[in-house]
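This report goes through one model for a reader who has not seen it before. Please look at the sequence and structure shown here, then read on.

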Amino acid sequence: MPLDQDLEIKKFKVIGTRVRRPDGVDKVTGRARYGADTSAPGQLVALVLRSPHPHAIIKKIDISKAEKLAGVKAIITSADLPDLTNGDRAMLDILENCMARKKVLYDGHAVAAVAAIDATTARAALKLIKVDYQILPHVTDVDEALKPTSPVIHDHIFTDGIEPKPTKASNFNKQAEYGHGDLDAGFAEADVIIEKSYKTEQTHQGYIEPHSCLASVSPDGAAEMWVCTQGHFVYRNQCAALLGLDANKLRVTASEIGGGFGGKTHIWTEPLALALSRKANRPVKLTMSREEVFRCTGPTSSTSIDVKIGAKKDGTITAAFAELRYHGGAFPSNWAEFGAMTTWACYDIKNCKSLSKDAIVNRPKTAAYRAPSAPQSCFAVENTIDEVAKAIGMDPVELRIKNAAKEGTKSSYGPVYGPIGIGATLQAAKNHPHMKAPLAKDTGRGMACGFWFNFGGQTCVDLNVTPDGTITVAVGTMDVGGSRASLALAAAEELGVPYEAVRVIVADTSSLGHNDMTDGSRGTFSSSMAAVFAARNAITILRERAAKTWEIPVDDVEWVDGEAKAKGASRGNLAPLTLKDLAKGAGGTGGPIAGHSEIVADNAGVSFGTHICDAHVDKETGKTTITRYTVIQDAGKAMHPSYVEGQYQGGAAQGIGWALNEEYVYGTNGRLQNAAFLDYRIPVCSDLPMIDTQILEIPNPHHPYGVRGVGETPIVPPLAAVSIAVTNATGVRMHHIPMSPPRILKAIKSAKM
Amino acid sequence: MGAHVNTTINGDAVEFVCAPDESLLDVLRNRIGLTGAKEGCGTGDCGACSVILDGRLVCSCLVLGAEMNGKKLETIEGMADGAKLHPLQQHFIDGAALQCGICTPGFLMAAQALLRKNPDPTEEEIRYGLAGNLCRCTGYDKIVRAVQAAAKEMRG
């Protein structure tokens with residue numbers, strides 16, 4: 001039944017309270033089951049053989065010796081994964097990434113997989129597989145990949161978005177352009193023009209749980225898979241299509257997930273585990289090592305960005321241009337285009353343009369990482385804005401406030417904004433005590449603002465009233481960080497029952513209709529909307545049952561505080577029917593009581609945040625220490641404030657790691673040099689200060705409670721805020737992320753020369 | 001040839017046979033069925049497999065199962081007193097100190113080891129005491145606060 005998704009409730013009973021999450025006890029006692037925490041009778045252990053070369057033709061794979069090893073039950077290569085994609089090149093790219101076909105395209109690309117009785121046997125079998133490679137020249141740098149002299153990785157890529165379409169294949173897979181106005185006229189009006197170039201290095205989501213799945217294919221074609229994923233329905237759809245299974249016969253259950261941040265939105269080894277299980281006729285468990293997670297899953301793009309901004313002395317930005325070059329790893333992508341769409345989104349600029357160039361390099365396929373592509377463009381834009389402020393002698397916060405987008409602004413990527421929070425977060429930053437606090441020696445302060453689109457998408461919720469009058473809720477959009485608590489709050493709010501009376505689970509793919517994956521900060525936004533509608537549909541049925549019991553028209557029954565009440569003076573003697581009463585009597589009034597909701601949650605509501613950072617730089621060693629950090633962000637409505645704060649703090653910490661330390665280091669041989677947490681250093685507890693948060697609530701008019709997604713925006717401003725703080729501490733503009741100690745020392749040294 | 005091991009885990013006598021090169025983490029997870037300790041890296045960098053071995057905090061991925069003869073091991077599964085959660089566990093839930101929760105068992109073990117040695121740690125001591133454990137979700141803020149709150153409660 002269609003329901004109005006627009007904002008209506010203003011006063012809440014349980015929404016906004018800090019309840020205990022339903023999965024908490026299992027997670028603090030070790031009982032919660034993640035990807036690698038379950039087993040099946042007779043299961044085999046699978047391991048993957050991976051290419052040591054960044055770019056090579058596979059001339060021959062000889063598995064004959066490995067097959068003969070005692071305990072080896074199945075070996076697969078691309079020959080076991082025929083192309084069933086029927087001309088769908090995007091699906092073929094997914095398959096080719098899961099298992100190399102004619103060529104290997106990056107260090108770590110899978111070439112074969114083994115299922116054996118134990119890990120020791122599987123390891124021995126991998127050593128017996130002989131692969132004959134013809135090594136090809138490779139390219140790992142985004143700017144190098146775009147040069148005409150670069151080795152061409154795919155001979156079927158002819159740049160999209162250029163007219164006429166090129167006839168020569170290249171690594172430049174797509175060009176796109178966003179913006180409006182007249183750049184030449186805008187720059188002509190400017191008193192000051194700043195033009196700079198920036199680079200950011202490739203980072204990984206760094207979730208602590210490596211990918212793991214347990215696949216079981218029966219001889220009758222029915223299959224089951226237990227897997228850590230941000231979207232088990234998408235995994236189901238893609239794996240079924242690639243393996244030629246009917247989607248209804250592949251039942252995928254999402255395990256608890258040990259972090260994803262975008263990295264578990266793609267399938268990697270899951271089709272291999274299913275193919276091995278089908279071939280061996282046994283359940284197969286396939287768990288990646290940490291080294292494999294770094295080498296062969298989906299990190300971010302490294303980027304190269306040019307920015308040009310013109311402004312008047314009064315601070316009005318008259319024109320802005322950016323060219324953004326990102327890579328998608330070894331496959332075509334549109335990450336630069338995403339970056340281009342976010343470039344000027346915080347601002348109301350009359351003449352602005354962003355031009356994106358997406359490239360292909362010999363690195364693993366780029367996946368989403370929390371607000372994918374936005375942190376890099378934000379870093380480049382906000383540093384340039386900071387330089388404009390310095391050039392015209394204006395406070396950088398005031399400059400941003402003067403140019404901030406507002407309700408009615410036509411965004412640089414097209415849509416006209418509704419009510420938005422950029423101005424409010426900037427004002428809050430201006431007034432925050434952090435902004436006025438004194439700074440210690442060699443310490444600088446930086447601030448930056450950032451944007452993310454947010455997404456809604458397809459969601460299903462089933463709400464059932466149990467015979468004792470308590471509530472179960474099944475959702476198909478994966479809970480990655482506490483959304484089950486928020487959905488229980490939504491159901492409790494609508495039904496007028498205590499939070500504890502509602503229990504939420506994530507259901508498997510055979511129990512609900514398709515759900516999109518948990519990306520685009522959509523988990524709580526879309527699922528809470530569906531939970532509200534499911535509860536309202538259940539209330540309609542509860543009222544009908546009360547009407548039937550009382551033998552009065554349903555329009556004369558209202559639902560108030562968890563009870564059906566008869567309206568009108570003549571019915572004052574009818575005692576209210578509680579949820580418990582109606583549940584108990586359901587068998588005699590029409591059967592089980594439930595509410596369902598299947599929706600496309602449109603109008604997710606864009607998100608803005610402003611961060612303030614204090615950074616101390618040791619000029620002898622180049623080491624940076626973050627001494628104070630504040631996140632201010634619009635949440636629309638914070639359903640569970642503790643977990644909103646947690647998103648703000650976690651995103652900031654990831655951004656600080658990106659800004660200061662994290663970086664994929666490739667050797668000249670095209671191999672990843674630091675595929676371990678020891679050498680790819682994410683922030684530890686002693687690296688960080690407490691992270692202050694301020695939640696603003698500017699309701700999203702298109703959610704019943706005003707909710708906006710909150711998860712991704714917090715990683716957008718830190719690269720910029722930290723680098724501007726470092727610039728203010730050292731007096732040297734930082735153009736290259738991460739600002740590792742050697743890079744900071746080099747920048748200080750070259751500024752002195 | 002497998003190693004025959006008699007050991008004590010969370011107060012219970014446990015006997016197992018394992019391969020000589022098998023880690024304690026693999027023994028716990030694959031032979032004994034205690035999957036609370038997680039493998040985040042297998043190289044001692046992330047702390048998700050932390051356990052307390054004869055009173056000392058260790059990464060179980062860096063200990064061999066064969067070394068366990070006659071030792072006393074504490075894992076996350078033994079932290080609560082029956083149905084009553086340990087104050088650290090309770091404050092992690094109450095203070096929203098976990099999001100995905102994969103690192104939580106390791107953090108609780110590390111915090112337990114820290115508070116036994118130092119019942120009244122400063123924020124800095126907590127941060128260094130937990131520096132061997134990686135969390136990618138929380139930014140550590142709420143973890144540090146939960147440990148502070150639990151320490152206060154435990155001091156009485």
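Leaving aside its neighbours within four places in sequence, with which residues is A:Glu387 in contact? The residues are A:Ile194, A:Lys196 and A:Arg733, where contact means that C-beta atoms, placed from the backbone, lie within 7 Å.

This is a predicted model, in which local features need pLDDT of at least 70 and side-chain atom pairs count only at pLDDT 80 or more, while totals for chains, interfaces and linings use all residues. Residues are numbered from 1 along each chain as its sequence is written, and chains are lettered from A and ligands numbered from 1 in the order in which they are written.

A:Glu387 is part of helix 11 (residues 374-392) of chain A. Helices (H or I, at least four residues) and strands (E, at least two) are DSSP runs, numbered from the N terminus. A:Glu387 counts as buried, with 20 C-beta neighbours inside 10 Å. A residue is buried if 20 or more other C-beta atoms lie within 10 Å of its own, exposed if 12 or fewer, and partly exposed in between; C-beta atoms are placed from the backbone. The C-alpha atom of A:Glu387 is separated by 56 Å from that of A:Ile471, 84 residues apart along the chain.

A:Glu201 sits in the loop between strand 8 (192-200) and strand 9 (212-217) of chain A. A:Glu201 is buried, with 21 other C-beta atoms within 10 Å. A:Glu201 and A:Ala659 are 458 residues apart along the chain, and their C-alpha atoms are separated by 9.5 Å. Not counting residues up to four places away in sequence, A:Glu201 touches A:Ser302, A:Glu663, A:Tyr664, A:Ile737 and A:Pro738.

**Backbone features**

Most residues other than glycine have a negative phi, and most peptide bonds are trans. The peptide bond from A:Ile737 to A:Pro738 is cis, with omega near 5 degrees. A:Pro738 lies in the loop between strand 27 (736-737) and helix 21 (741-752) of chain A. Another cis peptide bond, with omega about -10 degrees, joins A:Glu163 and A:Pro164. The loop between helix 5 (142-145) and strand 7 (172-180) of chain A holds A:Pro164.

In chain B, B:Asp54 is not a glycine but has a positive phi of about 45 degrees. B:Asp54 is in the loop between strand 3 and strand 4 (56-59) of chain B, and is exposed, with 11 other C-beta atoms within 10 Å. B:Ala96 also has a positive phi, near 55 degrees. B:Ala96 is placed in the loop between helix 2 and helix 3 of chain B and counts as buried, with 26 C-beta neighbours inside 10 Å.

**Helix pairs**

Axes are lines fitted to C-alpha atoms, for helices over the stretch in contact, and angles run from 0 to 180 degrees between N-to-C directions.

| Helix pair | Angle | Axes |
|---|---|---|
| Helix 2 (residues 87-94) and helix 3 (residues 104-117) of chain B | about 130 degrees | 10 Å apart |
| Helix 7 (residues 232-243) and helix 8 (residues 270-280) of chain A | roughly 50 degrees | within 10 Å |

Helix 7 of chain A is therefore oblique to helix 8 of chain A. Angles under 35 degrees count as roughly parallel, over 145 as roughly antiparallel, 65 to 115 as roughly perpendicular and the rest as oblique. The contact is made by A:Tyr235, A:Cys239, A:Leu242 and A:Leu243 of helix 7 of chain A and A:Glu270, A:Pro271, A:Leu274 and A:Ala275 of helix 8 of chain A. By class, these residues divide into seven nonpolar, no polar and one charged. Ala, Val, Leu, Ile, Met, Phe, Trp, Tyr, Cys and Pro count as nonpolar, Asp, Glu, Lys and Arg as charged, and the others, Gly among them, as polar.

Helix 2 of chain B and helix 3 of chain B are oblique to each other as well. Helix 2 of chain B brings B:Leu88, B:Gln89 and B:Phe92 to the contact, and helix 3 of chain B brings B:Thr104, B:Leu108, B:Ala111 and B:Gln112.

**Contact between the chains**

The contact takes 44 residues from chain A and 43 residues from chain B. Helix 19 (641-660) and helix 1 (24-29) of chain A are the elements that give two or more residues to the side of chain A that touches chain B. Helix 19 of chain A gives the most, with eight residues. That side of chain A has 21 nonpolar, 16 polar and seven charged residues.

Conventions
Two residues are in contact if their C-beta atoms, placed from the backbone, lie within 7 Å.
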